[in-house]
Amino acid sequence: MTDDLCLRPATELAALVRRREISARELLDTHLDRIERVNPGLNAIVTLDVEGARSAADAADVALAAGEAVGPLHGLPVAHKDTHATGSMRTTWGSPLYANTVPARDELVVSRLRRAGAIRVGKTNVPEFAAGSHTYNPVFGVTHNPYRHELSAGGSSGGAAAALAAGLVPVAEGSDMGGSLRNPAAFCNVVGLRPTPGRVPTWPAPLGWSTLSVQGPMGRTVADVALQLSAIAGPDLRVPISLEEPGARFAAPLPEELTGLRIAWTPDLGGRVTVDPAISAVLMAQLGVFRDLGARVDEDCPDLTDADEVFGTLRAWVFEALHLEKSRTHPEQVKESIRWNAEMGAKLSGPDLARAEMAHTKLYERMVAFFERYDVLLAPTTQVLPFPVELEYPTEIAGVPQENYLEWMRSCTLISPTGCPALSVPGGFTPDGLPVGLQVIGPPRSDRRVLEVGHAFEQATRHGERRPPL
């Protein structure tokens, strides 16, 4: 019964707590027991506050018994990404430079989850400064994939994805610049949403106008992700790109059919990426599901010309701003990939950035025009299957060399600068049992639509119900 409870959807658990069929304290202790038994083999949760969580759970039960109004996540244990500041709890960013840092206050996504009633249990593992889609760092080590030990859980929200897949927490959050919510969701057979920039405001943020990195929800089901999005979305005047629409609309029930929907499918983003044939085989077999649900599916792809240049230039600019000084001052304590990316940014000129932003604008306009013909675009989330944890990144895909730590993630990085919401939903398994993710991409601000499509597919296939044999 204990393990069954830990693997139930967050929507069910929230309802059980609200009806007082289980207390927040009982739910927490059940998850703490599973963390104690399972986490040592995964290294998904790297900081744990048992007493603080129990105190918060007890307070949640008192509030519910007193008839107080409670939030949508009331009583649900949550773990926060270790790049997101948590007041009075260590936040390391996966770096030895910040190994003992304890922020004074929560950042916005953390405080919104707390306000929604979630119970903070700890922090999830990340790559150093969230750089790269493989979760390891010199502070806490590597996170293993729950579906196969010694394989990567993805990243940079890899600890969050592994914790969800293993039933350590029912909800978790992360961030995504080049695929950090989508990639680990695919590797761990869970759901990750990269929202439209501004949907989930990031504060404080040193580059408040930038749209490249976003924060967003992760869960074991699409409905769980939608529930969490209802709590963390919504405007904040301190964030210049925040969207005015309130988050509450994401809590409405999601449909299970797609009658009349116009879907484009691209197996390789218009020939721009190399994909492992095993992934392509799994996803091609899923297209009939969408037709059975009432949708029309055509093979097509938007014009992603210059998306590589836009992403690479803007990412390098961000890395120069955030990491160059520490990379040069403490080179021995910053991994080489970050130093390389920051030095790329240092070489940029004003005209380089201007050209990138002009290309960025044209890319956005082409995406809007493409989605006048289609409702969503389907694509592989990842180009590779989970790989051995000893590798920093895959150096080749189907015989094609990958020259740096970003190239193998291009199925995600090409989408990041478009401004479009992108959902990774469980898309099936290879014959030897490794998860494959399907990426559902919609026009800008259509976060609700990609959730609806992902949910209908999820309910028809039930791929996400196949939990790891821990």
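Colleague: What does helix α4 lie across?

Modeller: Helix α4, residues 50–65, lies across β1 and β3. Its direction is about 150° to β3, which covers 119–124. Keep in mind that this is a predicted model.

Colleague: And which strands does helix α5 lie across?

Modeller: Helix α5 spans residues 108–115 and lies across β2, β3, β8 and β10. Strand β10 is 214–219. The helix runs at about 175° to β2.

Colleague: How many strands form the sheet, and in what order?

Modeller: Eleven, in an open sheet. The order is β1-β3-β2-β8-β10-β9-β16-β17-β13-β11-β12, with mixed pairing.

Colleague: Which strands stand at the edges?

Modeller: β1 (45–48) and β12 (296–299). Each has a single partner strand, so one side of each lacks a neighbour in the sheet.

Colleague: What does the twist average from one strand to the next?

Modeller: 30°.

Colleague: Back to β2 and β8. In what sense do they pair, parallel or antiparallel?

Modeller: Parallel, over two bridges. Strand β2 is residues 77–81 and β8 is residues 171–176.

Colleague: What stands opposite V78?

Modeller: V171, in β8.

Colleague: New topic: D29. Where is it found?

Modeller: In helix α3, which takes in residues 24–42.

Colleague: Why does D29 count as partly exposed?

Modeller: Because its relative accessibility is 27%. Buried would need under 20%, and exposed over 50%.

Colleague: What separation do the C-alpha atoms of D29 and A57 have?

Modeller: 9.5 Å. Along the chain, D29 and A57 are 28 residues apart.

Note on methods
Residues are numbered from 1 along each chain as its sequence is written. This is a predicted model: local features need pLDDT of at least 70, side-chain atom pairs count only at pLDDT 80 or more; totals for chains, interfaces and linings use all residues. Side-chain values use heavy atoms; hydrogens and water are left out. Helices (H or I, at least four residues) and strands (E, at least two) are DSSP runs, numbered from the N terminus. Buried means under 20% relative accessible area, exposed over 50%, partly exposed in between (1.4 Å probe, protein chains only). Two strands pair if DSSP finds at least two bridges between them. Axes are lines fitted to C-alpha atoms, for helices over the stretch in contact, and angles run from 0 to 180 degrees between N-to-C directions. Contact means heavy atoms within 4.5 Å.
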